[in-house]
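Welcome! Here is a short tour of one protein chain, written to be read with the structure open beside you. Take a moment to turn the model around before reading on.

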Amino acid sequence: MKNLVVSFLLVMIFTSLSFAQTVDEILAEHFAATGQEKLLATNTVMMKGKIIQQSFEIPFTSFQKRPMNFRSEAEFQGMKISSGFDGTMGWSVNPMTGSTDPQPMTEEQIDRMKIQADYDGLFYNYKEKGYTVEFIGKEIVDDIETYVLKLTRPNGDVITSYIDAENYVLLKSKSKMKIQGVDTETEVIFSNYKYVNEILNPFSMETKMNGQTAMQMIFDEITYDTDMPDSMFAMPEITAPADTTGSK
């Protein structure tokens, strides 16, 4: 019996080590295929394109700066909608809410923004970020064999990624998050990959909720290492209302 227990423990240990090695090997191939080393040598990236939602096309531009700065700008029906994150504080300006003043993000929104703002990607140095990544097997996605990796964040968010087993590019991700107390599942499909400065980027991202397409993002231009002052990511000051009383 003792020998059986020891054998069982050894099998469990070696199996765990094997899975850990598999995760590291898959990610190493993924980083090599997508040009992670080239990305690490850059400091900023600007993306221009459009969001297609129902019958609307909304032009947008996003800005990212190492290590955790992010800003997005979009125009809809003549109104400019923007949001930003400086690594600590997040904010948004949305005239469609009836105000043009910047509004601070909630703690939950800031936590989600950290995913968007992660310049190097969630998988890079995932252990240092407090994430765990598990290899949970293989799955066919649109006739393509993929490796399935499950990333879990400290807050309980689960992001499952499907990486092409031959080309090692990300084809799809599924997210399970609790948003405002509600369990939410989102699926993103990545396609139309192109190299920019030897860095591989998807130029199309389709987001689905409950199996239905919620929106699609099409990138027309991706540019690395443009000048971005830190100030562009900070929350804008609230403009004082004009004095219309005539008082001095």
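Two residues are in contact when heavy atoms of theirs lie within 4.5 Å. Among contacts in the protein chain between residues at least 6 apart in sequence, 40% join residues at least 24 apart. Please keep in mind that this is a predicted model.

**The chain as a whole**

- The protein chain contains 3 helices and 13 strands.
- It has 248 residues, and 39% of them count as buried.
- Its accessible surface comes to about 15100 Å², with 53% of that belonging to carbon and sulfur atoms.

**The nonpolar cores**

- The largest nonpolar core is made of 22 residues, and Val23, Leu27, Phe123, Val133 and Leu149 have the most contacts inside it.
- At least two residues of this core come from each of α1 (2-34), β7 (132-141), β8 (144-152), β9 (158-164), β10 (170-179) and β11 (182-196).
- Helix α1 gives the most to this core, with 5 residues.
- Another core, of 16 residues, lies apart from the largest one, and its members include Met47, Ile51, Phe76 and Phe219.

**Aromatic rings that pair up**

- A pair of aromatic rings is described by two things, the distance of the centres and the angle of the planes.
- There are 5 aromatic pairs in the structure.
- Phe56 is partly exposed, with a relative accessible area of 37%, whereas Phe76 is buried, at 14%.
- Phe60 and Phe219 also form an edge-to-face pair, with 5.8 Å centre to centre and 75 degrees between the planes.
- Because Phe60 lies in strand β2 and Phe219 in strand β13 (residues 212-224), their pair ties together parts that are 159 residues apart in sequence.
- Both Phe60 and Phe219 are buried.
- Elsewhere, ring pairs link Phe135, Tyr147 and Tyr168 into a cluster.

**Lysines over rings**

- The charged end of Lys172 sits over the ring of Tyr162, 4.7 Å from the ring's centre.
- Lys194 lies over the face of Phe203, and here the ring centre is at 4.9 Å.

**A closer look at Thr42**

- You can find Thr42 in the loop between α2 (36-40) and β1 (44-53).
- Is Thr42 buried or exposed? Residues under 20% relative accessible area count as buried, and Thr42, at 6% relative accessibility, is therefore buried.
- The side chain of Thr42 reaches the backbone oxygen of Leu39 at 2.7 Å.
- Thr42 and Tyr119 are joined through their side chains by a polar contact of 2.7 Å.
- Which residues is Thr42 in contact with, leaving aside its neighbours within four places in sequence? They are Arg66, Tyr119, Ile199, Tyr224 and Asp225.

How values were computed
Residues are numbered from 1 along each chain as its sequence is written. This is a predicted model: local features need pLDDT of at least 70, side-chain atom pairs count only at pLDDT 80 or more; totals for chains, interfaces and linings use all residues. Side-chain values use heavy atoms; hydrogens and water are left out. A nonpolar core is a set of buried Ala, Val, Leu, Ile, Met, Phe, Trp, Tyr and Cys residues joined through side-chain atoms within 4.5 Å. Buried means under 20% relative accessible area, exposed over 50%, partly exposed in between (1.4 Å probe, protein chains only). Helices (H or I, at least four residues) and strands (E, at least two) are DSSP runs, numbered from the N terminus. Rings of Phe, Tyr and Trp (its six-membered ring) pair if their centres lie within 6.5 Å; planes under 30 degrees apart count as stacked, over 60 as edge-to-face and the rest as tilted. A charge sits over a ring if NZ of Lys or CZ of Arg is within 6 Å of the ring centre and within 35 degrees of the ring normal. A polar contact is a pair of N or O atoms within 3.5 Å; within protein, one must be able to donate a hydrogen and the other to accept it, and residues adjacent in sequence count only if both atoms are side-chain atoms. Accessible areas come from the Shrake-Rupley method with a 1.4 Å probe; for residues, only the protein chains shown count as cover.
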